[in-house]
Amino acid sequence: MFELSQRVVLLVEDNADDELMTLRAFRKSNLHNPVVVVRDGAEALDYLFLQGQHAGRDPSIWPQVVLLDLHLPRIDGLEVLRRIRTHEQTRNLPVVILTSSKEERDLVEGYQLGVNSFVHKPVDVTEFFEAVKQLGMYWLVLNELPSTAATRKSA
């Protein structure tokens, strides 16, 4: 399992190619943080709220950041974000929407719901790698968060 000091990334991505490229971009950027991958919105919520197949996971391991796609099976990304912001234990969890959507309404609604950042997935592989590298460097290395205990009640 992960060491408690490691900064875990929760990647919510249903596209296998985008998942693979994101993981490769982290490795190429020398960001070796553990990445938990879930493939739909319902599983993301199960992971965060320790339900379903994630009911037995270690509640002390908490994501440093959630990279959230919008167009997901079962529960879409904006609904996942809405539920994250509704619950006290996840309200302050950093969420970055990482999507191929170019819809202005997705951008506006994401910010209305409290997303921390909204990033379009570049089509070009090199640009995609650079975008993921920058996201990783900021959210995993540069950004400072209050202690987990101060930001949420134990699950």
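1. Glu103 is partly exposed, with a relative accessible area of 38%, a class that lies between buried (under 20%) and exposed (over 50%), using a 1.4 Å probe and protein chains only. The side chain of Glu103 meets that of Arg105 in a salt bridge with an N to O distance of 3.0 Å, the term requiring a side-chain nitrogen of Lys or Arg within 4 Å of a carboxyl oxygen of Asp or Glu. Arg105 is itself exposed, at 58% relative accessible area. Elsewhere, salt bridges with shared partners join Glu13, Asp18, Asp69 and Lys121 into one network.

2. This is a predicted model, in which local features need pLDDT of at least 70 and side-chain atom pairs count only at pLDDT 80 or more, while totals for chains, interfaces and linings use all residues. Numbering runs from 1 along each chain as its sequence is written, and side-chain values use heavy atoms, leaving out hydrogens and water.

3. The chain has six helices and five strands, these being DSSP runs numbered from the N terminus (helices H or I, at least four residues; strands E, at least two). Along the sequence, these elements follow the pattern β-α-β-α-β-α-β-α-β-α-α. Of the 155 residues in the chain, 51% are buried.

4. Strand 4, residues 95–99, deserves attention in any reading of this fold, since five of its five residues are buried. In a regular strand, side chains alternate between the two faces of the sheet. In strand 4 both faces are covered, with Val95, Ile97 and Thr99 buried on one side and Val96 and Leu98 buried on the other.

5. On one pairing, strand 4 joins strand 3 (residues 63–68) in the parallel sense over three bridges, where pairing calls for at least two DSSP bridges between the strands. Within this pairing, Val95 of strand 4 is the bridge partner of Val66. The chain passes from strand 3 through helix 3 (residues 77–86) to strand 4 in a right-handed β-α-β crossover, a path that runs clockwise from the first strand over the helix to the second when the strands point away from the viewer.

6. Strand 4 also pairs with strand 5 (residues 117–120), again in the parallel sense, over four bridges, and His120 in strand 5 is the bridge partner of Thr99. From strand 4 the chain crosses through helix 4 (residues 104–112) to strand 5, and this β-α-β crossover is right-handed.

7. Because Arg82 lies in helix 3 and Glu109 in helix 4, the pair ties together parts that are 27 residues apart in sequence. Arg82 is partly exposed, at 30% relative accessible area, and Glu109 is likewise partly exposed, at 27% relative accessibility.

8. The salt bridges in the chain number nine, and one of them joins the side chains of Glu19 and Arg39 with an N to O distance of 3.0 Å. This pair links distant parts of the chain, with Glu19 in helix 1 (residues 16–28) and Arg39 in the loop between strand 2 (35–38) and helix 2 (41–48), 20 residues apart.
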